[in-house]
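Subject: Structure handover

Hello,

Here is the structure I promised to pass on. My notes follow below it.

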Amino acid sequence: MTAAYETLIRNAQIVSSDGIAAADVALAHGKIAAMVAPGTPVAADHVIDATGLHLLPGVIDIHCHVRAPAFPERGSVESETRAAAAGGITTLFEMPISKPCCNSAERVMIRRDHFADRALVDFALYAAPGDLSAKALEASASAGAIAFKIFTTAAPPGRDDEFAGLSFPDEGSQLATLEALARTGLPVVVHAESEQLLAHYAAEAAGLDPSLATTHCALRPEICEAVAVAKLLLMNMQAGARLHIAHVTSALTVDVLRRFKGTSDFSAETCPHYLVRTVEDVQAAGVFAKINPPVRSKIDQDALWEALADGTIDHVTTDHAAFAFAEKQAHLGNFLKAPPGSPGLETMLPAMLDAVCRKRLDLPRMVALLSGNAARRFKLPDKGAIRVGADADLVLVDLKGRTRITPQTLFTHARDISHLYQNAEFEGAIRRTLVRGRTVFEDGKISTDPGWGRYTVPTGAMAARAVA
């Protein structure tokens, strides 16, 4: 006789945004099929004993750079989604910076097909808005883009094709972009720094020692971020877009976000490197830890934690951005020329579990920051929660375990530039990751093949017509 369910997870402590409760969870056909009182007789083909563990919704990483199919030397869909699975991430949102930029429906579909054959976890794709024509924006939305992404800075020298239709340094074009994207119903995620102020501080910082991480901060001080964010929020009072501010780094920007609360539909994120590392840690790690915008001071770090506690910031993301070791190594001792980016897929959940163990936040708030809020903001009703009918995207974690980060323990292709976290130890450990009911990672080993990941599109807006 066929069992009623494929998998039963017994004896776990179930964590939601509302609290923690004991339950047994039955899975079937990729979904959570039932939740019953612990010990209730249930027939299942496979039983997972989760005694002593907490069961979380799978992490939704809304800010990730894999860059595939370009730049294979920096990693592949296979390598980086293995890392995601090991990090408890069951859905990742891939940013549009590739070569060429993902700035059209055609490019979205090319990347969709590339990812679909290779991903181990579910994935969504950002689009750049391109020429802002209504036809092009509707086409990208209909192709299933999860959101649009823009920069308020110019394209980096020599990378025009990667940033075509993505960079809008002029304020008039920023307003026009917000207005055009408001009509799609999809969020617009913004890397916000003032191009004019960056130029001003580059001139002021001329002659500073390029080997110092503080020089990088002097070139991109917090006011560059805060001014850009303030202008965007003011513009959005007119444009009415679903605005989302990427990777907030500073106390000054937190203050701006608080002052504009309630003026329009906006949200904001930060990243673990801004929460658990400072500029001193970057200096110790060298250019391998260079990130834009920069990692800043302990004062900024504390302000970000306060913003997470009071809801000023409601999302934590990886901003995973892998580079090849040779690309960083070529600019040792020069924070001005080294490429910006650091791997983060396998360190985000351990860092946040460590914060829970140290009582900086509680598990329900952590789940909201990493999963639930993302599912709501980006309209993914089947994800981000443990409830009957939701996708069986789940992570079992052990708060009594420990996680030590070394290149040998990481799956990312960028393990050799993981200096910001090398030899770090976190309280708490990831024991198992399931994507739509299938175990993809268990006790240090990957346990599924490429191609299991599914293209994920938002409900509502134009994207309802997308073919998943």
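E425 has 42% relative accessibility, so E425 counts as partly exposed. The term covers values between buried (under 20% relative accessible area) and exposed (over 50%), with a 1.4 Å probe and protein chains only. The side chain of E425 meets that of R402 in a salt bridge, at 3.3 Å from N to O. A salt bridge here is a side-chain nitrogen of Lys or Arg within 4 Å of a carboxyl oxygen of Asp or Glu. The pair links distant parts of the chain: E425 sits in strand 16 and R402 in strand 15, 23 residues apart. R402 is also partly exposed, because its relative accessibility is 48%.

Before the rest, the basis. This is a predicted model, in which local features need pLDDT of at least 70 and side-chain atom pairs count only at pLDDT 80 or more, while totals for chains, interfaces and linings use all residues. Residues are numbered from 1 along each chain as its sequence is written, and side-chain values use heavy atoms, with hydrogens and water left out. Helices (H or I, at least four residues) and strands (E, at least two) are DSSP runs, numbered from the N terminus.

The structure holds 26 salt bridges. K99 forms one with D161, with the closest N and O atoms 2.7 Å apart. This pair too links distant parts of the chain, 62 residues apart: K99 is in the loop between strand 7 (89–94) and helix 2 (105–116), D161 in the loop between strand 9 and helix 4 (171–182). K99 is partly exposed at 42%. D161 is partly exposed at 31%.

K298 pairs with D302, the closest N and O atoms being 2.9 Å apart. Both lie in helix 11 (residues 298–310), four residues apart, or about one turn of the helix.

There is also a network of salt bridges, which links K31, D122, D382, K383, D391, D393, R436 and R454.

Pockets

How much space lies in the largest pocket? About 920 Å³. A pocket is found on a 1 Å grid over the protein atoms alone: an open set of points where a 1.4 Å probe fits, with protein on both sides within 12 Å along at least five of seven lines; lining residues have an atom within 4 Å of a point. Grid points are joined across faces, edges and corners, and the volume is the space filled by probe spheres set on the points. The largest pocket is lined by 37 residues, and P156, R159, R220, N292 and P340 are the closest to its centre. Helix 5 gives the largest share of that lining, three residues.

The second largest pocket has a volume of about 310 Å³. Its lining has 16 residues, with A86, T403, T409, I430 and F441 nearest the centre. Strand 15 (394–404) and strand 16 (425–435) each give two or more residues to this lining.

Two buried residues

I245 is in strand 11 (residues 242–245). It counts as buried, because its relative accessibility is 1%. Contact means heavy atoms within 4.5 Å. Leaving aside neighbours within four places in sequence, I245 is in contact with V190, V229, L232, L257, S267, A268 and E269.

N373 lies in helix 14 (residues 363–377). At 10% relative accessibility, N373 is buried too. Not counting residues up to four places away in sequence, N373 touches D314, H315, R365 and A368.

Best regards
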